[in-house]
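This report describes selected features of one protein chain.

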Amino acid sequence: MTQAAALGLFGGTFDPIHAAHLRMAQAFRQELRLAEVRLIPAGQPYHRQHGPHASPQQRLEMAQLAIRGLPGLAVDPREVLRDKPAYTIDTLQEIRAEIGPEPALWWLIGGDSLASLHTWRHWEQLFELANIAVALRPGFDATRLPAPVRTQWQARQVTDFSNGAPSGTMRPLALPPLDVSATEVRHRLQSGASVEQLLCAPVLDYIRQHRLYL
(Lines give C-alpha, C1' and ligand atoms only; values in the text may rest on other atoms or scores of the structure.)
Protein backbone atom coordinates (compact mmCIF):
# COMPACT_ATOMS: atom_id res chain seq x y z
CA MET A 1 0.00 0.00 0.00
CA THR A 2 1.45 3.37 -1.05
CA GLN A 3 2.02 5.87 1.71
CA ALA A 4 -0.18 8.95 1.39
CA ALA A 5 1.64 12.11 0.31
CA ALA A 6 2.69 14.33 3.20
CA LEU A 7 1.44 17.92 3.36
CA GLY A 8 3.06 20.92 5.03
CA LEU A 9 1.30 24.06 6.28
CA PHE A 10 3.05 27.38 6.89
CA GLY A 11 0.88 30.07 8.44
CA GLY A 12 1.82 33.69 8.94
CA THR A 13 0.81 37.29 8.55
CA PHE A 14 3.07 37.71 5.48
CA ASP A 15 2.99 41.51 5.77
CA PRO A 16 4.67 41.44 3.26
CA ILE A 17 5.86 38.00 2.19
CA HIS A 18 9.64 38.17 1.67
CA ALA A 19 12.70 36.12 0.77
CA ALA A 20 13.08 34.47 4.19
CA HIS A 21 9.48 33.22 4.06
CA LEU A 22 10.08 31.62 0.67
CA ARG A 23 13.38 30.04 1.71
CA MET A 24 11.73 28.68 4.82
CA ALA A 25 8.85 27.18 2.83
CA GLN A 26 11.22 25.56 0.33
CA ALA A 27 13.52 24.17 3.03
CA PHE A 28 10.47 22.89 4.93
CA ARG A 29 9.31 21.00 1.83
CA GLN A 30 12.75 19.60 1.00
CA GLU A 31 13.76 18.52 4.49
CA LEU A 32 10.47 16.81 5.27
CA ARG A 33 10.07 15.47 1.71
CA LEU A 34 6.60 16.96 1.46
CA ALA A 35 4.44 16.71 -1.63
CA GLU A 36 3.28 20.28 -1.10
CA VAL A 37 3.63 23.21 1.29
CA ARG A 38 0.65 25.52 1.60
CA LEU A 39 1.24 29.08 2.78
CA ILE A 40 -1.75 30.28 4.81
CA PRO A 41 -1.97 34.05 5.24
CA ALA A 42 -3.77 34.95 8.46
CA GLY A 43 -7.00 36.85 7.95
CA GLN A 44 -7.61 38.31 11.42
CA PRO A 45 -4.62 37.33 13.60
CA TYR A 46 -6.08 37.12 17.10
CA HIS A 47 -2.70 37.14 18.88
CA ARG A 48 -1.39 40.44 17.51
CA GLN A 49 -1.94 43.64 19.45
CA HIS A 50 -1.80 45.72 16.25
CA GLY A 51 -3.31 44.51 13.01
CA PRO A 52 -1.33 43.94 9.81
CA HIS A 53 -0.46 46.96 7.70
CA ALA A 54 -1.81 45.50 4.44
CA SER A 55 -5.35 44.20 4.16
CA PRO A 56 -6.03 40.44 4.26
CA GLN A 57 -6.81 40.44 0.53
CA GLN A 58 -3.61 42.32 -0.30
CA ARG A 59 -1.49 39.95 1.77
CA LEU A 60 -3.18 37.00 0.07
CA GLU A 61 -2.52 38.43 -3.39
CA MET A 62 1.13 39.13 -2.56
CA ALA A 63 1.59 35.54 -1.36
CA GLN A 64 0.05 34.24 -4.58
CA LEU A 65 2.42 36.40 -6.62
CA ALA A 66 5.45 35.31 -4.58
CA ILE A 67 5.01 31.56 -5.06
CA ARG A 68 4.14 31.69 -8.75
CA GLY A 69 6.47 29.34 -10.62
CA LEU A 70 7.91 27.77 -7.44
CA PRO A 71 7.31 24.00 -7.51
CA GLY A 72 5.53 22.39 -4.60
CA LEU A 73 4.27 25.64 -3.07
CA ALA A 74 0.66 26.78 -2.95
CA VAL A 75 -1.39 29.44 -1.16
CA ASP A 76 -4.43 28.49 0.91
CA PRO A 77 -6.88 31.42 1.25
CA ARG A 78 -9.18 29.95 3.91
CA GLU A 79 -8.15 32.17 6.83
CA VAL A 80 -8.49 35.32 4.74
CA LEU A 81 -11.94 34.21 3.57
CA ARG A 82 -13.03 33.31 7.10
CA ASP A 83 -15.08 36.12 8.67
CA LYS A 84 -13.77 35.52 12.19
CA PRO A 85 -10.40 35.39 13.96
CA ALA A 86 -7.98 32.81 12.56
CA TYR A 87 -7.34 30.03 15.05
CA THR A 88 -4.87 27.30 14.07
CA ILE A 89 -7.05 24.59 15.59
CA ASP A 90 -9.92 25.51 13.22
CA THR A 91 -7.65 25.47 10.18
CA LEU A 92 -6.12 22.12 11.07
CA GLN A 93 -9.53 20.58 11.72
CA GLU A 94 -10.75 21.73 8.31
CA ILE A 95 -7.68 20.50 6.43
CA ARG A 96 -7.58 17.17 8.26
CA ALA A 97 -11.25 16.62 7.36
CA GLU A 98 -10.43 17.37 3.70
CA ILE A 99 -7.36 15.10 3.36
CA GLY A 100 -8.50 12.27 5.64
CA PRO A 101 -6.75 10.60 8.58
CA GLU A 102 -3.86 8.90 6.76
CA PRO A 103 -1.55 11.57 5.26
CA ALA A 104 1.16 13.06 7.43
CA LEU A 105 0.30 16.69 8.12
CA TRP A 106 3.02 19.09 9.29
CA TRP A 107 2.52 22.57 10.73
CA LEU A 108 5.59 24.84 10.68
CA ILE A 109 6.14 27.32 13.49
CA GLY A 110 9.08 29.40 14.71
CA GLY A 111 10.85 29.16 18.05
CA ASP A 112 8.97 32.20 19.35
CA SER A 113 5.67 30.50 18.59
CA LEU A 114 6.87 27.31 20.27
CA ALA A 115 7.53 29.23 23.50
CA SER A 116 3.94 30.52 23.52
CA LEU A 117 2.28 27.38 22.17
CA HIS A 118 0.50 26.72 25.47
CA THR A 119 -1.41 30.00 25.03
CA TRP A 120 -2.95 28.91 21.72
CA ARG A 121 -6.61 27.94 21.57
CA HIS A 122 -7.04 24.22 22.42
CA TRP A 123 -3.30 23.80 21.92
CA GLU A 124 -3.00 20.21 23.09
CA GLN A 125 -5.56 19.15 20.49
CA LEU A 126 -3.19 20.32 17.76
CA PHE A 127 -1.19 17.11 18.22
CA GLU A 128 -4.26 15.04 17.37
CA LEU A 129 -4.41 16.73 13.98
CA ALA A 130 -0.83 17.39 12.86
CA ASN A 131 2.88 17.06 13.52
CA ILE A 132 4.75 20.25 14.37
CA ALA A 133 8.05 21.30 12.81
CA VAL A 134 9.89 24.12 14.60
CA ALA A 135 12.30 26.51 12.88
CA LEU A 136 14.80 27.22 15.63
CA ARG A 137 17.20 30.14 15.83
CA PRO A 138 20.81 29.58 16.98
CA GLY A 139 21.07 29.46 20.75
CA PHE A 140 17.72 27.78 21.31
CA ASP A 141 17.53 26.37 24.85
CA ALA A 142 14.70 23.93 25.53
CA THR A 143 15.13 24.32 29.28
CA ARG A 144 13.75 27.85 28.97
CA LEU A 145 10.46 26.71 27.47
CA PRO A 146 7.37 26.98 29.68
CA ALA A 147 6.88 23.70 31.55
CA PRO A 148 3.79 22.48 29.61
CA VAL A 149 5.48 23.09 26.26
CA ARG A 150 8.80 21.63 27.41
CA THR A 151 7.03 18.42 28.45
CA GLN A 152 5.48 18.04 25.00
CA TRP A 153 8.74 18.97 23.24
CA GLN A 154 10.67 16.29 25.13
CA ALA A 155 8.02 13.59 24.74
CA ARG A 156 7.07 14.03 21.09
CA GLN A 157 10.37 14.55 19.27
CA VAL A 158 11.20 12.15 16.45
CA THR A 159 14.63 11.38 15.06
CA ASP A 160 13.77 11.52 11.36
CA PHE A 161 11.24 12.81 8.86
CA SER A 162 9.99 9.41 7.76
CA ASN A 163 6.45 10.80 7.80
CA GLY A 164 5.35 7.58 9.42
CA ALA A 165 2.95 9.34 11.77
CA PRO A 166 0.00 11.38 10.47
CA SER A 167 0.15 13.56 13.59
CA GLY A 168 1.47 13.83 17.13
CA THR A 169 5.23 14.31 16.68
CA MET A 170 7.53 17.34 16.91
CA ARG A 171 10.81 18.02 15.16
CA PRO A 172 13.34 20.87 14.93
CA LEU A 173 13.93 22.05 11.38
CA ALA A 174 17.40 22.99 10.15
CA LEU A 175 16.72 26.08 8.06
CA PRO A 176 19.16 28.19 6.06
CA PRO A 177 19.81 31.41 8.00
CA LEU A 178 18.47 34.60 6.49
CA ASP A 179 18.23 37.42 8.96
CA VAL A 180 15.34 39.47 7.63
CA SER A 181 11.92 40.28 9.02
CA ALA A 182 8.74 41.82 7.63
CA THR A 183 9.27 44.72 10.06
CA GLU A 184 12.67 45.43 8.52
CA VAL A 185 11.24 45.19 5.01
CA ARG A 186 8.50 47.70 5.89
CA HIS A 187 11.04 50.09 7.41
CA ARG A 188 13.23 49.88 4.32
CA LEU A 189 10.23 50.56 2.08
CA GLN A 190 9.27 53.57 4.19
CA SER A 191 12.77 55.01 4.08
CA GLY A 192 13.30 54.36 0.38
CA ALA A 193 16.14 51.89 0.99
CA SER A 194 16.75 49.04 -1.44
CA VAL A 195 14.58 45.92 -0.98
CA GLU A 196 15.29 44.17 -4.29
CA GLN A 197 17.17 41.36 -2.52
CA LEU A 198 14.39 40.89 0.03
CA LEU A 199 11.25 40.88 -2.14
CA CYS A 200 10.57 39.10 -5.40
CA ALA A 201 9.88 41.45 -8.31
CA PRO A 202 6.12 40.76 -8.66
CA VAL A 203 5.56 41.48 -4.96
CA LEU A 204 7.63 44.68 -5.08
CA ASP A 205 5.68 45.81 -8.15
CA TYR A 206 2.42 45.10 -6.32
CA ILE A 207 3.55 47.09 -3.26
CA ARG A 208 4.51 50.06 -5.42
CA GLN A 209 1.30 49.87 -7.46
CA HIS A 210 -0.87 49.86 -4.31
CA ARG A 211 1.40 52.28 -2.41
CA LEU A 212 1.71 49.97 0.58
CA TYR A 213 3.92 50.52 3.64
CA LEU A 214 4.60 54.19 2.91
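Setting aside neighbours within four places in sequence, Thr91 is in contact with Ile40, Arg78, Glu79, Arg82 and Trp107. The model is a predicted one. Thr91 belongs to helix H4, and it counts as buried because its relative accessibility is 0%.

**Helix H4**

H4 covers residues 88-99, twelve residues in total. From the first C-alpha to the last it reaches 16 Å, close to the 16 Å expected at 1.5 Å a residue. Its buried residues are Thr88, Ile89, Asp90, Thr91, Leu92, Ile95 and Arg96. The cover over these residues includes strands S1 (7-12), S2 (36-41) and S4 (105-110), and also includes helices H3 (78-81) and H6 (126-129). After H4 comes Gly100, which has a positive phi, near 90 degrees.

**Strand S5 and its partners**

Strand S5 (residues 131-135) is largely enclosed by the rest of the structure, because five of its five residues are buried. Asn131, Ala133 and Ala135 point one way from S5, while Ile132 and Val134 point the other way. S5 runs parallel to S4, and five bridges join the two. In this pairing Leu108 stands opposite Ala133. S5 also pairs in the parallel sense with strand S6 (residues 170-173), over four bridges.

**Aromatic rings**

The whole structure holds three aromatic pairs. One of them joins Phe10 and Phe14, edge-to-face, at 5.4 Å centre to centre and with 85 degrees between the planes. Phe10 counts as buried because its relative accessibility is 6%, and Phe14 counts as buried because its value is 3%. Trp123 and Phe127 form an edge-to-face pair, with ring centres 6.3 Å apart and planes at 75 degrees. Both Trp123 and Phe127 are buried.

Charged side chains also sit over rings. The charged end of Arg156 is over the ring of Phe127, 4.2 Å from its centre. Arg121 lies over the face of Tyr87, at 4.5 Å from the ring centre.

**Salt bridges**

The count of salt bridges comes to nine. Three of them are listed here.

| Salt bridge | N to O distance |
|---|---|
| Arg38 and Asp76 | 3.7 Å |
| Asp141 and Arg144 | 3.6 Å |
| Glu196 and Arg208 | 3.3 Å |

Arg38 counts as buried because its relative accessibility is 18%, and Asp76 is buried, with a relative accessible area of 5%.

In the bridge between Asp141 and Arg144, Asp141 is partly exposed at a relative accessible area of 30%, and Arg144 counts as exposed at 73% relative accessibility.

Glu196 lies in the loop between helix H8 (182-191) and helix H9 (201-210), and Arg208 lies in H9, so their bridge ties together parts that are twelve residues apart in sequence. Glu196 is partly exposed, with a relative accessible area of 42%.

Salt bridges that share partners also join Glu36, Arg38, Asp76, Arg78, Arg82, Glu94 and Glu98 into one network. Among these residues, Arg78 and Arg82 are in contact with Thr91.

Note on methods: Residues numbered from 1 in each chain as written. Predicted model: local features only at pLDDT ≥ 70, side-chain atom pairs only at ≥ 80, totals over all residues. Heavy atoms only, no water. Expected span 1.5 Å × (residues − 1). Buried < 20%, exposed > 50% of the residue type's maximum accessible area, 1.4 Å probe, protein only. Contact = heavy atoms within 4.5 Å. Phe/Tyr/Trp six-rings, centres within 6.5 Å; stacked < 30°, edge-to-face > 60°. Lys NZ or Arg CZ within 6 Å of the ring centre and 35° of its normal. Pairing = 2+ DSSP bridges. Salt bridge = Lys/Arg side-chain N within 4 Å of Asp/Glu carboxyl O.
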